[in-house]
Amino acid sequence: LIESDAEGIGGSGFVECIREHIHSGWHCQLTEEQFIAVKELLKTAIGRATSRNDVSTIRDALEVSAEMFKKDANNVSDYVQRHLISLSIWEELRFWEGYFDYLMDRFSSKSANYASLVSAQLITVASHM
């Protein structure tokens, strides 16, 4: 994943590579070492994207982080996204307004009941934060 990133460690290419792995059938479960590395790389990617106002990379990082997890010795899941809550972007109302608009546009052409699809996506994203 890291080698595929044309901008260097933690750029938008890294986030896109994770998304492609998820779409190809990867189950998103990480080892402890992978979890730590991915968490730190996503923090870097979001920080870089925030500094260049790259909302699509931030949005993609938010969505992929909601999927990736590890399990501890007691078989309890810990999601990468929970560790990203300290980033300032999540407190910006403009980001959430834009994300909601993006979801409405993305799902409106797929189903007459797109409000339930949008709600399901928002619940997935919010559940681990």
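**Helix packing**

The crossing of α1 and α3 is left-handed, a term used if the near helix is turned anticlockwise from the far one by less than a right angle, with right-handed used if clockwise. Helix α1 covers residues 12-23 and helix α3 residues 55-65; they pack at an angle of about 40 degrees, and their axes are 9 Å apart. Therefore α1 is oblique to α3 (angles under 35 degrees count as roughly parallel, over 145 as roughly antiparallel, 65 to 115 as roughly perpendicular and the rest as oblique). Axes are lines fitted to C-alpha atoms, for helices over the stretch in contact, and angles between N-to-C directions run from 0 to 180 degrees.

On the α1 side, the contact is made by S12, V15, E16, I18, R19 and I22, and on the α3 side by T57, D60, A61, E63 and V64; contact means heavy atoms within 4.5 Å. The residues of this contact divide into five nonpolar, two polar and four charged. Here Ala, Val, Leu, Ile, Met, Phe, Trp, Tyr, Cys and Pro count as nonpolar, Asp, Glu, Lys and Arg as charged, and the others, Gly among them, as polar.

**Basis of the model**

The model is predicted: local features need pLDDT of at least 70, side-chain atom pairs count only at pLDDT 80 or more, and totals for chains, interfaces and linings use all residues. Residues are numbered from 1 along each chain as its sequence is written, and side-chain values use heavy atoms, with hydrogens and water left out.

**Aromatic cluster**

The structure holds seven aromatic pairs (ring centres of Phe, Tyr and Trp, the last by its six-membered ring, lie within 6.5 Å; planes under 30 degrees apart count as stacked, over 60 as edge-to-face and the rest as tilted). W90 and W96 form a tilted pair, 6.4 Å centre to centre with 50 degrees between the planes. W96 also pairs edge-to-face with Y99, at 6.0 Å centre to centre and 80 degrees between the planes. These two residues are three apart in helix α4 (residues 93-108), so about one helical turn separates W96 and Y99.

Ring pairs link W90, F95, W96, Y99 and Y102 into a cluster. W90 is buried, at 7% relative accessible area, and Y99 is buried at 1%, whereas W96 is partly exposed at 25%. Buried means under 20% relative accessible area, exposed over 50%, and partly exposed in between (1.4 Å probe, protein chains only).

**Overall organisation**

The protein has five helices and two strands, arranged along the sequence as α-α-α-β-β-α-α. Helices (H or I, at least four residues) and strands (E, at least two) are DSSP runs, numbered from the N terminus. Of the 129 residues in the protein, 37% are buried.
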